[in-house]
Amino acid sequence: MEQRDLVIGEIRLREVTNLALARLRLGNASTVASPQTAQLPARTGQCAGSDPAFLCLGPGEWLVISAKSSAPDLVHTAQSSSGAGFAAAYDLTPGLVVLRLTGDAAPWLH
């Protein structure tokens, strides 16, 4: 994306920078019910938390987003949020971009 802030009519699309992004995957379904993961959203598309924020991507899988933590710290936080059992967390910061869609017509695009 060449432009980082694009306005077309009643829509504004802009890149949100300086975020750390990590992906958390749990190895088996039993760890999803552990006390450490009780704060994680369970339904796909559901979010929880403020910083870091957790977006449920599917069963046992979350996107973790932070404006305050560095990517290595975010990966560590994501892994420690998983409780007992197998969990993998990895840095997605260099591979993804976060876009914010706003404006009067934005609800029509959701």
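## Nonpolar core

The largest nonpolar core has 15 residues, and among these Leu24, Trp62 and Val64 touch the most other members; such a core is a set of buried Ala, Val, Leu, Ile, Met, Phe, Trp, Tyr and Cys residues joined through side-chain atoms within 4.5 Å. At least two residues of this core come from each of β3 (20-26), β5, β6, α1 (71-80) and β7. In soluble globular proteins, nonpolar side chains tend to be buried together.

## Basis of the model

This is a predicted model, in which local features need pLDDT of at least 70 and side-chain atom pairs count only at pLDDT 80 or more, while totals for chains, interfaces and linings use all residues. Residues are numbered from 1 along each chain as its sequence is written, and side-chain values use heavy atoms, with hydrogens and water left out.

## Overall architecture

The protein chain has 1 helix and 8 strands, arranged along the sequence in the pattern β-β-β-β-β-β-α-β-β; helices (H or I, at least four residues) and strands (E, at least two) are DSSP runs, numbered from the N terminus. Of its 110 residues, 31% count as buried, where buried means under 20% relative accessible area, exposed means over 50%, and partly exposed lies in between (1.4 Å probe, protein chains only).

The protein chain exposes about 7,000 Å², of which carbon and sulfur atoms supply 54%; these areas come from the Shrake-Rupley method with a 1.4 Å probe, and for residues only the protein chains shown count as cover. Among contacts (heavy atoms within 4.5 Å) with a separation of 6 or more, residues 24 or more positions apart account for 60%.

## Strand pairing

An open sheet of 5 strands has the order β4-β5-β6-β3-β7 with antiparallel pairing, two strands being paired if DSSP finds at least two bridges between them. Because β4 (47-48) and β7 (87-91) stand at the edges with a single partner strand each, one side of each is left without a neighbour in the sheet. Within this order, strand β5 (residues 53-58) is joined to β6 by 5 bridges in the antiparallel sense, and Cys56 has Trp62 in β6 as its bridge partner.

Strand β1 (residues 5-8) runs antiparallel to strand β2 (residues 11-16), with 4 bridges joining them, and the bridge partner of Val7 in β2 is Arg12. These strands, β1 and β2, form a hairpin with 2 residues between them, and Gly9 in the turn has a positive phi of about 60 degrees. Strand β2 also pairs with strand β8 (residues 98-102), antiparallel and over 5 bridges, where Leu13 stands opposite Leu101 in β8.

Glu61 is located in strand β6 (residues 61-66) and counts as buried at 15% relative accessibility. Leaving aside residues up to four places away in sequence, Glu61 touches Arg23, Leu24, Arg25, Leu55 and Cys56.

The count of salt bridges is 2, a salt bridge being a side-chain nitrogen of Lys or Arg within 4 Å of a carboxyl oxygen of Asp or Glu. The side chains of Glu61 and Arg23 meet in one of them (2.4 Å, N to O); since Glu61 lies in strand β6 and Arg23 in strand β3, the pair ties together parts that are 38 residues apart in sequence. Glu61 also forms a salt bridge with Arg25, with the closest N and O atoms 3.0 Å apart, and this pair ties together parts of β6 and β3 that are 36 residues apart in sequence.
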